Amino acid sequence: MSGHVDDRGGTGVIDAPQGGQPELKRVMGPKLLLLFIVGDILGTGVYALTGSVAGEVGGAAWAPFLAAFIVATITAFSYLELVTKYPQAAGAALYTHKAFGIHFITFIICFAVMCSGITSASTASNAFAGFLRDGLGMKEQWPAGSTPLLIIALGFMALVAAINFRGVGESVKANVVLTMVELSGLLLVIFIGLYAVTQGQADFSRTVVFDSPSDKSTFFAITAATSLAFFAMVGFEDSVNMAEETHDPAKNFPKMMLAGLGITGVIYVLVSITAVALVPVGTLANPDEGSALVQVVAAGAPNFPFDKVFPFIGMFAVANSALINMLMASRLLYGMSKQEVLPPFLGKVHATRRTPWAAILFTTAIAFGLIIYVVRANGSESGASTVTLLGGTTALLLLCVFTVVNIAVLVLRRDPVEHKHFTAPSVLPYLGAALCAFLAGPWARSEAQQEQYKIAGGLLAVGVVLWAITWLANRFFFAKKTYMRDPEELGDPDHEHH
């Protein structure tokens, strides 16, 4: 669902079919699969949410990241079975459709995936504003929830929309460079942590302290934090859309996806242990103290000017996240419009730029609304935790999607295919469905996090209303049925629709 990259460094375009809209085409070379997966998972999650996760469980902030990594890996096995069985670019919507064949459910899953992209990119915009504030040293002048932060976050989202509209020649080089910058930032935190340990500055006893502000049992405190930390592990599911561009997916995909998850899991656990050992949790979780990882760098190496550089590394990381997610969201919306399940207006493509401009405008407008809501809420005493709301809403939407995907694997075992493919150990899809469903429930959220259901419900309601309008128009004006005509093509708008 993320940007597909052309080996020649540009976005290829197929000419328009006779009298139709111009079509989009995106292609990626296979050698970058591992880097793509690592770059997609790293990013906003750990940069934006480390402090919030620590705030939920105290010093044992590594535990939710580890738990999220385990759940993500179990679900990845289901994705691997499906992507090697059906190597098409549509991801979860296609698997849902093949398993259940109910057009409306396929649409809801597809729309939920699209919304998760928008909430994820909005989280990134919020984080970007915070990093810029830290980088410019304006903590006092621009407190949480202030107008300058809101303007920066909205300006950043507008810039992402402009790049998306120009046609992201999201070249291999850009993706690789941004991934390297993200990695360097996180490795920096780990190395500074190791250095601080040799100087006797770290207090590792803090990393085994469970302390939940809501007086929940340890189990539910970790559960609530895991549903939040899960945001940091998503991204691996985007890579299934590279299936059509990967040589021998049955052989390469399992190795690369599991290696990518393993690398990022280790980095996250090390970063969260380092953060808690160097900075007291109360400070780490306070949004007015600046972003958690900036505090870690400042505490571990007060004489190094890294704290000046680090916010800018963070800005690069979240920019990569936002761009990839908005690219995916606008392409999926475009795909659903071409399938005639959303209003045809959303399928409009710009004549010269050949980008789906109507879908880009629509997804950006939703993102603006979410950013205003969250940045403003973040300024009030009671709403200080709402900065985690969008990350949590992303995780909530994807946990619901992953529950369905885990069930779809089991249903589709009745549908054998001719070619060889990866098969997940049978217990894993059952376990994955149960764990994802459990983490999506209200018991896995603290009181402040219950707002996630309102945001997710509001977003899906927009989808249902658009679906209903389209259904009525198709029925009464065009005498057509409303259904997913060809789910194989969702998220992969290279195909010509006549």
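Q: What average pLDDT does the protein have?
A: This is a predicted model, and pLDDT is the predictor's own confidence in each residue, on a scale from 0 to 100. Of the residues in the protein, 82% score at least 70, and the average pLDDT is 79.

Q: In which helix of the protein is confidence highest?
A: Confidence is lowest in helix α2, which covers residues 44–57 and has a mean of 79. At the other end of the range, a value of 95 belongs to helix α15.

Q: Over residues 493–498, where pLDDT stays under 50, how many contacts beyond four places in sequence does the model have?
A: A contact here means heavy atoms within 4.5 Å. For residues 493–498, where pLDDT stays under 50, the number of such contacts beyond four places in sequence is 21.

Q: How many helices does the protein have?
A: The secondary structure of the protein includes zero strands. What the protein does have is a set of helices, and their number is 16.

Q: What percentage of the residues of the protein count as buried?
A: A residue counts as buried when its relative accessible area is under 20%. Among the 498 residues of the protein, the share that counts as buried is 59%.

Q: How many of the 24 residues of α3 are buried?
A: Helix α3 reaches 35 Å from its first C-alpha to its last, which is close to the 34 Å expected at 1.5 Å a residue. The helix is described as mostly covered, and the number of its 24 residues that are buried is 19.

Q: Is Glu81 buried or exposed?
A: The cut-off for a buried residue is a relative accessible area under 20%. Arg413, at 29%, is partly exposed. Glu81 has a relative accessibility of 2%, so this residue counts as buried.

Q: How far apart are the closest N and O atoms of Arg133 and Asp134?
A: Arg133 is buried because its relative accessible area is 5%, and Asp134 is buried because its relative accessible area is 9%. These two residues form a salt bridge, in which the closest N and O atoms are apart by 3.6 Å.

Q: Why are Lys454 and Glu451 separated by about one helical turn?
A: The side chains of Lys454 and Glu451 meet in a salt bridge of 3.0 Å, taken from N to O. Lys454 counts as exposed at 60% relative accessibility, whereas Glu451 is partly exposed at 24%. The separation is about one helical turn because the two residues lie three residues apart in helix α16.

Note on methods
Residues numbered from 1 in each chain as written. Predicted model: local features only at pLDDT ≥ 70, side-chain atom pairs only at ≥ 80, totals over all residues. Heavy atoms only, no water. Buried < 20%, exposed > 50% of the residue type's maximum accessible area, 1.4 Å probe, protein only. Salt bridge = Lys/Arg side-chain N within 4 Å of Asp/Glu carboxyl O. Helix = DSSP H or I, 4+ residues; strand = E, 2+ residues; numbered from the N terminus. Expected span 1.5 Å × (residues − 1).
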